[in-house]
Structures are given as C-alpha cells and as structure tokens.
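Welcome, and do keep the viewer open while you read. This briefing goes through the interfaces, the sheets and the ligand surroundings, one topic at a time.

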Amino acid sequence: MSEFEPKIVAFVCNWCTYAGADLTGTSRIKYASNVKIVRFPCTGRIDFMLLLKAFAEGADGIIVSGCHPNDCHYTSGNFHARRRWVIFRGLLNFMGIDVNRIQFSWVSAAEGAKWADVVNSTVTAVRELGPYTQYRKAADYLAQQDQSIIDGQEAMIIK
Amino acid sequence: MEELRKKAAELLQSGEVQMVIGYEEGTRHPRPCFISSADDAAKLIYDDRCTGNLAVYLTHKELIGGQKIAITASYFALRSILRLLTEHQIQLDKLVVLTVSAEKEVIQFATTDDITAYLQTAPVPAREDDKALIEKLNAMSPAERWEFWSAELSKCFKCYACRAACPMCYCTKCIVEENRPQWIQPWASTLANIEWHINRAMHMTGRCADCGACGAACPLGLPIHLLSHQIVQEVTDNFALDVNQAVSGDNALSTFKPEDKENFIR
Amino acid sequence: MEKRFITQASINRWLTKIVNDGKHLYAPVKKGDRVDFGRATSADDIVFDHIQTTQSAKSVAFPRTDVLFSYEKEKGKVQLENADLTAYPETVVFGLHPCDAAGFNPLGAIFNWDYKDEIYNARLQRTVVVTLACTKADEYCFCTSVNGGPGNTAGSDIQLTPVKDGFLAEILTEKGEALMKADEAAFEADRGDVKEEFLVKLPEKFDVKAVQEKLQTAFESPIWKAQSQRCIGCGACAYVCPTCACFDIQEDAHGTKGKRLRCWDSCGFALFTLHTSGHNPRQTQAQRWRQRLLHKFSYMPDRLSVRGCTGCGRCSRACPVDMNLSEHLSSI
Ligand code: SF4
Ligand code: SF4
Ligand code: SF4
Ligand code: SF4
C-alpha cells in the first residue's frame, strides 16, 4: 500500500509568508509538494470559516501563516488574527475537532528556509494522523439521510 | 414580590416608564410578560425559576418603539444589559433596570458601575448540571469529544431558537442567512449544524453573558450553551476580560494587546 | 377493519421480524430526559409510556433536508438527475400518537394541492403507520378540541390501544394488514376489549367552529400584536409540528455540480416571505403570528377542507417563551 499523502491547504498573507514561500522556491530549497497555497492580503482577512471549508472539501491539514507580530503590512492585522485563533483553537479543541491538524506560524519574507520547514513538519505530522475522514463524514447529509430519514439520532442508537 | 409589583405600578402610574418587562406565571414555568398599565402589575412574579434572559426584548424594535422601559433583570440579564450598552444597542436613559436580590430586595440601578458592583458581590446562580457535563467533557479525549458533539449537533434542526433567545443575537441579518457567498450551509445536517454552532459561538466572543438561555431555548435540549460558555472561558483565561464590566470599546476580537500570549504559533 | 389482541412480548417479536425483513423502524426512543423519534434496531429501544415526542413523525415523508434533484454541468451541457423515488427505504413508523398520524392528512393536502409532490407521496407510500392510542395526556394536549381524539384512527394503518395485559390491535388498511402478516401468529383473536374504556378522557378546551368563525373577521384585530409580544421569532413551533409544511429551497453547489435541496422553513422567522425587493408582506412578528394561526385555522379549512392543527400541543411544549396555542386560541 502506498503511503498516505495528506492534502494540506495553506492560508498565507501576501506580504510575508507568500513572499517567504516564493523565496523558498527561488532559493531552490526542496519541500513537500502536498501543500496548496491560498494567498490573502493579510492574516486578519483569514476567516475561520475558510479553515472549516478546507476540511469539509478534503483537506487533511491546514497551515495558517503571516507576518511576525509588529511586522504586519497593515500594522495590526496579525494581532487581530492571533486573538481570533486563540479563541477558535480553544473552541475546536472543546468540540474535539483535531487542532493538531492546523499549524499556525509566522514566516517573514526573508524566511524561505523556515517555510520549507513548516510545510515539511506539518506534512509529516498530518501523515501520521492519517486522512481526516471524520470531519468529511459529517458533511455527507445524503449518507445520513439514507440511514436516517428522521434525524441524526441513529448515530446514537445504532452502535 | 409585593415590593416588585408596587415598584412596577409606581413606575407606570407616574409615567416614568411606559412598559415593564417582567415574568408572569406560565403553563409550566414563568414566562415573559409586558405590562403597560399599573393594574396589571399584580401579574408580576420573580423567583428562582425566572431564568429566561429578558434582555433579549430590549432590542425588539416592534415591541419597544421609542418607549421608556423598566425591566426586571436576572443576574445574567444584568450582564447582557451591560454588554448591550457597550455595543450601543440600548440607551440607559430609556431604561429602568431593576432586579430582586437574593434577600428579596428590589434594587434599582442608577449607573453601569452600580450594576457591575452588584454583579461582583451577588452570588452567581449555580448550574450544577452544566458543571458536571463540562467536567465530563474536559476529561474526554478529543476523539470522544468529537463523538459527543457530532452526535448532539447532528440532531439540531436549525430552528434558531437558540439565536432568537440570545440578547446578543440582535443582528437583522445573521451570518447563516448570508448566501453570497454561502458561508454556512443553511440546511440541517451534521456538518451544516457544526458550522452554524461554531459561528454562533465565535460571534459571541467577549459578548456572551454565559446566561444559558440559548441552551434552555433549544426544543431538542442540545447543550449548545456550553459552546458559548467555552468561549467565555477562553476570553477570561486568555485576555483577562471581565464579563461583569462594561468598558467602552473593550471588545475581545476588535481590539488586541501586542503582548497577548499563545503557545501554538511557530 | 379487523380487531386483534397482541401482548407486549408478541409486539417485540413482531417488530424484530419487521427489522429483520430489512424495513426501517422509526419509533419513540429515549434521549436524555426526552423521548423523540429515532431509528430503532430493536424493540427494546422503544418507549411506550411517553406522553409526547419532542418532534412529530412528519419527517418520514417530509424530512428536514431532502434532495429534489442533482445537476452537473459539462462543456456547456447540463445533466439533471431527479431524486430516485425508488430509493426511499421501506419504513415502519411505530408508536406515534393519533394526533401525529392525523397530521399526514393536512400535510398531504398541501403537498398535493395543485402540484402532486412525487417525493412526499413516494416517501409516504413506503411508510406504514402504526399508532399507539393515548391513555395519558398532559396540559398541552387538545386533540379533542380540533375534532381528533386519543383513539382517532385517521391516518393509521394499524392502531394499538393499551388494554389489560396487552394491546387491542385495529388493523385499518391493507398496508396494515400486510404488516401484520409479517408475523401474523403474534396477533391473537380479539378479546372484546372496549377501547374507549382505556383511553384518556380529554375535555374540549375551546369550540373550534366558533374560533374559525371569529377568525373570518379577525385579520385587522389588535389581538395579534398583543399575543405575539413575547414571541421571539424562531422556528421551534413549526419544526416540531406534524402539519407545518413550509419549506425553503437551497442549493448545495460545488463548482460545476450540486444538488437542490428542500429544507424546512418557519413563519416565525423574520426572513419568512421576504421578497428580493426588500418588501415583506408579513413584516412584523404580529403579522407572522397571525399568519400561523389563520393559516392553520382559517385558510386551510377554507381552501383544503382540512385544519392545519391536530392538537398535539408540541408547538406549545417546544416554545421557549411558552406561547401556548390552545390558551391563545381560547382567548380570541
Ligand atoms: S450565547 Fe447563550 S449563554 Fe451567551 S448570552 Fe447568548 S443566550 Fe446567553
Ligand atoms: S435551538 Fe436547538 S435545534 Fe434549534 S437551531 Fe439551536 S441548537 Fe439547533
Ligand atoms: S399547531 Fe401545534 S398543536 Fe397544532 S398540530 Fe402543530 S404543533 Fe401540534
Ligand atoms: S411562538 Fe414560540 S416557538 Fe413559535 S416562533 Fe414564537 S417563540 Fe418561536
């Protein structure tokens, strides 16, 4: 059996991490190809729903990355984002959504090597965790309906 | 109770307020009532069973109009009132805030500081069942918690009673009704419900009074108020914000401190 | 109609046979401190002594989320595929009360009014309804005020009435007969039990004809505003109701393919009947509350000759602010 290759989606800011990832490439540093990068103007713009959508659409792991504190192009977008992540991560953990599948990082435009490292270590970690099927299963209302035309209760009754 | 009825009748008679929002006896539990004439003040009751958060009505424009209102606020409703004031949804000069203390004394608050002082000294109404369930959940592994929440939330049929019962859910257009783009799946199914509840809880950050009205309103008895409770916990633990204070502009997510701490960002 | 007698043990055997035959069995099951419909895999899961489930049984024919069709766009061509009407499971809904079974009549009247809703009809066709007559009621029940009753057989294929040491079984339709035959030996000969002796006595709470009469001229009445003051505008009352049929159409789109869904809607919501222009003919909660009552007790009887309420009392139990329907109706 071939080894599981996780799908990773990276939400990054335009000014630091995206530039940093670019530098990784131009410096010809090799890193895992599992990651699909989605570029945002700022980490402050990365709505938590985007992360949930990524999981629902098939991501096994997620990277969220932007400028280091005090380096935000818009002065404070990353500070706001940090607060949001603190709360979001706490809530996900309370709900049993696997927070180990989400890696948050600060990667500046000069940190090409750090980007490669963040991606590689995330891919390794998520590969160990395996595919995130539990979350995707919850998305399938058709499967739920075939089992249960009344409501979701059969999940409790049929074990 | 007599004291409260007398107070309400006085306020209405003198014309200081045009309506009193309080509780009356209902089919099984006390329910909200709205009194516009001193003669009806005898309907009013207030006791430990009055747990619904009446502050939810303060933003109902059809009900309130431009009237000056008196409200018999429970402990948690007082918190909600502070928050609604902070968010400029209500005005203190249009409001007479009353409560009945544990000693059965009717208190009328003059300032937000008075409310804060009361909240800091009065006993927080205990919710033992919730405490036990939270402890149980925290002792579980993440996988077990997922089992629990995905099973519970799979049942939600999106009646939005939880939203309707919450004083802080006063938006005229809710995020779940936003469909360009369609952020949250609007139908009822496990994931669609999880998305809804994560959003509801996130939007409560720094705003939730921890009153439990959302969970109490759920016709299916889903313990969704524990999600907003968790948010209160996170806000208190991480940003040292106090739910009993009304500090103008101190919103958990629209402000920050450069020295905010976390332990998970590389 | 045929009468039989069946013991609790035989019911369990019969139901087990039904489940083993591959039918889906939906019945009241325990959930925390509540009882609600759920899929039961064994007769032991089923609760027999509840007063009322939180939700109605309407989901067997009108689920909260249902696929109408799916589509896929490829090179400018659109492929449409209707919901597969033959894929719905053979279902037995067991242990619902007469007020729930009676709800299929108004529900069906709406789904077959001008357009015959194939999906609703196909689902119901594959469903056998086994009701449990009521020996208990609570302060919210008012079936007898809306021409129903604790032993009303409308909408039932089989009705069981708890009698001494077992149940009186009334086999009411061919569907019911066929279901009985799944294990006919479980059913003994009728013992001559008199059904009415075992039913709960539920006095009428209001005169529904008089209410209907008053509603004819009540459109502009100030009562709607007064009654609806405490209503917070949720969907609880409509979602638990066995006759509420309002739905919304949603789209589950993923790039070039997707599904069109039918989901429950409620007249309590502020967005209900909101037009794209921004205009809403039912702009205030008072108007929406009026819609709820008039629709059920005036428009439906006038147009469909069937009332939109069976007196199950669920809306009043579910309402977070105790909008008690029979109390409100009595006070009109
Ligand atoms: S989210 Fe729930 S607990 Fe928090 S204020 Fe709203 S109703 Fe109360
Ligand atoms: S009140 Fe309960 S069923 Fe209704 S939307 Fe909220 S959690 Fe879901
Ligand atoms: S309106 Fe209320 S009492 Fe009447 S059928 Fe619906 S839920 Fe039951
Ligand atoms: S009557 Fe009750 S359940 Fe119905 S919309 Fe109003 S508050 Fe919600």
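Contact here means heavy atoms within 4.5 Å. With that cut-off, 50 residues of chain B are in contact with 44 residues of chain A. Please bear in mind that this is a predicted model. Chain B also meets chain C, with 38 residues from chain B and 40 residues from chain C taking part.

**Interfaces between chains**

- The size of an interface is often given as the accessible area lost when the parts come together.
- For chain B and chain A, that buried area is about 4,400 Å², and carbon and sulfur atoms account for 69% of it.
- Between chain B and chain C, about 2,800 Å² is buried, with 55% of it on carbon and sulfur atoms.
- On the chain B side of this second interface, the residues that lose the most area to chain C are Glu62(B), Phe157(B) and Trp187(B), which together make up 22% of what that side buries.

**Two domains in chain B**

- Chain B is divided into domain 1, covering 2–121, and domain 2, covering 128–239.
- The C-alpha centres of these two domains of chain B lie 27 Å apart.
- Where the domains of chain B meet, 11 residues of domain 1 are in contact with 12 residues of domain 2.
- The area buried between domain 1 and domain 2 of chain B is about 980 Å², and 61% of it comes from carbon and sulfur atoms.
- Which three residues supply 38% of the area that domain 1 of chain B buries against domain 2 of chain B? They are Val56(B), Arg83(B) and Glu87(B), and their share is more than that of any other three residues.

**The sheet of chain A**

- Strands of a sheet pair through backbone hydrogen bonds, either parallel or antiparallel.
- In chain A, 4 strands form an open sheet in the order 2-1-3-4, and the pairing is parallel.
- Strand 2 (35–40) and strand 4 (102–106) of chain A are the edge strands, each pairing on one side only.
- On average, neighbouring strands of this sheet are turned by 20° against each other, direction ignored.
- Inside the sheet, strand 1 (residues 8–13) and strand 3 (residues 61–66) of chain A pair in the parallel sense over 5 bridges; Ala10(A) has Ile63(A) in strand 3 as its bridge partner.
- Helix 1 (residues 17–26) of chain A packs on the sheet and touches strand 1, strand 2 and strand 3 of chain A, with its direction at about 115° to that of strand 1 of chain A.
- Helix 4 (residues 112–129) of chain A also packs on the sheet, touching strand 1, strand 2, strand 3 and strand 4 of chain A, and its direction makes about 160° with that of strand 3 of chain A.

**The sheet of chain B**

- In chain B, 5 strands form an open sheet in the order 2-1-3-4-5, and the pairing is mixed.
- Its edge strands are strand 2 (31–35) and strand 5 (106–109) of chain B.
- Neighbouring strands of this sheet are turned by 25° against each other on average, direction ignored.
- Strand 3 (residues 69–72) and strand 4 (residues 95–100) of chain B run parallel and are joined by 4 bridges; Ile69(B) has Leu95(B) as its bridge partner in strand 4.
- Helix 1 (residues 2–13) of chain B packs on the sheet, and its direction makes about 170° with that of strand 4 of chain B.
- Helix 4 (residues 112–121) of chain B lies across strand 4 and strand 5 of chain B, running at about 140° to strand 5 of chain B.

**Around the ligands**

- The residues around ligand 1 include Cys166(B), Cys208(B), Cys211(B) and Cys214(B).
- By class, the ligand 1 shell has 7 nonpolar, 2 polar and 2 charged residues.
- Ligand 2 has 14 residues around it, of which Cys156(B), Cys159(B), Tyr160(B), Cys162(B) and Cys218(B) come nearest.
- Helix 7 (161–165) and helix 8 (190–202) of chain B are the elements that give two or more residues to the ligand 2 shell.
- The classes in the shell around ligand 2 are 12 nonpolar, 1 polar and 1 charged.

Conventions: Residues numbered from 1 in each chain as written. Chains lettered and ligands numbered in written order. Predicted model: local features only at pLDDT ≥ 70, side-chain atom pairs only at ≥ 80, totals over all residues. Heavy atoms only, no water. Near = heavy atom within 4 Å. Nonpolar A, V, L, I, M, F, W, Y, C, P; charged D, E, K, R; others polar. Pairing = 2+ DSSP bridges. Axes fitted to C-alpha atoms, helices over the stretch in contact; angles between N-to-C directions. Domains from an automatic or database assignment. Buried area = accessible area lost by both parts, 1.4 Å probe.
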